[in-house]
Amino acid sequence: MRATLEGPCIGEGFANFIMNTEDRKKWDSQIDSVYEAYPILDLDTANIAMGFNYGDCSRLGIGHCVTKPNLGIDAREQLTICGINDFADGSCLIWGTEMESWHDHLLPPGKRVTRAKSHIFSTILVPTSENTIDVEYVLQLEIGGKIPNWMTTPIIVDNVKKLFRCAGDFYNNKDGKLDKFLAEKALQNDLEGPTLLSVPP
């Protein structure tokens with residue numbers, strides 16, 4: 001799905017609507033919890049492993065999410081590795097893919113529920129002017145259990161439309177949320193310092 005939003009191209013702001021429980025609940029009524037279980041802080045090593053061919057990896061980690069049971073459908077959970085890659089032209093890629101079964105030891109303790117799997121997830125944000133961005137959201141999801149995909153596709157499409165509306169409010173600085181995010185990000189960058197790709201040669 002595609003949309004055009006007004007505002008600056010800030011990938012992490014959009015990613016929070018996917019990986020932050022409070023922001024996710026604004027558009028996804030089925031989410032119970034979502035969080036970054038294992039943040040990968042050594043981003044310089046991640047960029048070296050990628051051969052510096054895919055922009056600057058500015059965030060990387062393994063996340064866990066659980067959805068609520070609804071209308072006789074039991075809860076679902078996922079364990080995904082996700083990242084944000086920023087490019088020199090101002091665009092960015094938010095991506096993720098499901099961890100394999102041999103990574104199940106990374107799941108949090110507790111009762112397991114039906115596993116859903118995002119085979120491919122990506123969102124690309126491309127600035128088209130100083131204050132507009134084009135967004136493309138791609139998801140290949142295996143819902144798990146005995147539910148056919150054709151039953152869940154309309155729900156996913158409707159949810160993505162809600163995501164675009166919520167992200168649009170954020171980028172339009174509704175209630176000052178964009179200003180607050182930018183201030184917090186500037187403080188975080190001051191504390192963490194530059195990455196290898198942001199240091200002049």
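The largest pocket in this predicted model holds about 860 Å³ of space. It is lined by 39 residues, and those closest to its centre are Arg24, Asp28, Thr67, Leu141 and Ile143. Sorted by class, the lining has 21 nonpolar, twelve polar and six charged residues.

Several elements contribute to this lining. Helix 1 (11-19) and helix 4 (149-171) each supply at least two residues, and so do strand 2 (31-39), strand 3 (56-67), strand 4 (76-86), strand 5 (92-98), strand 7 (117-129) and strand 8 (132-142). Helix 4 gives the largest share, six residues.

**Nonpolar cores**

The largest nonpolar core has 25 residues, and Phe14, Leu125 and Tyr171 touch the most other members. At least two residues of this core come from each of strand 1 (2-6), helix 1, strand 5, strand 7, strand 8, helix 4 and helix 5. Here too helix 4 supplies the largest share, in this case seven residues. Apart from this core lies another one, of five residues, among them Ile62, Leu79, Leu106 and Leu107.

Leaving out residues up to four places away in sequence, Tyr171 touches Leu5, Glu6, Gly7, Pro8, Ile10, Gly13, Phe14, Leu125, Ile133 and Leu178.

| Residue | Relative accessibility | Class |
|---|---|---|
| Thr80 | 13% | buried |
| Phe52 | 40% | partly exposed |
| Asp175 | 66% | exposed |

Thr80 is in strand 4. Thr80 counts as buried because its relative accessibility, 13%, is under 20%. Not counting residues up to four places away in sequence, Thr80 touches Gly61, Ile62, Gly63, Thr97, Glu98 and Met99.

Phe52 and Asp175 are in loops. Phe52 is placed between helix 3 (43-49) and strand 3, while Asp175 is placed between helix 4 and helix 5 (177-192). Asp175 counts as exposed because its relative accessible area, 66%, is over 50%. The value for Phe52, 40%, makes that residue partly exposed.

Most residues other than glycine have a negative phi. Phe52 has a positive phi near 55° and is not a glycine. Asp175, also not a glycine, has a positive phi of about 60°.

Notes: Residues numbered from 1 in each chain as written. Predicted model: local features only at pLDDT ≥ 70, side-chain atom pairs only at ≥ 80, totals over all residues. Heavy atoms only, no water. 1 Å grid on protein atoms, 1.4 Å probe; cavity = no way out; pocket = protein on both sides within 12 Å on 5 of 7 lines; lining within 4 Å. Points joined across faces, edges and corners; volume = space filled by probe spheres on them. Helix = DSSP H or I, 4+ residues; strand = E, 2+ residues; numbered from the N terminus. Nonpolar A, V, L, I, M, F, W, Y, C, P; charged D, E, K, R; others polar. Buried < 20%, exposed > 50% of the residue type's maximum accessible area, 1.4 Å probe, protein only. Contact = heavy atoms within 4.5 Å. Core = buried A, V, L, I, M, F, W, Y, C linked by side-chain atoms within 4.5 Å.
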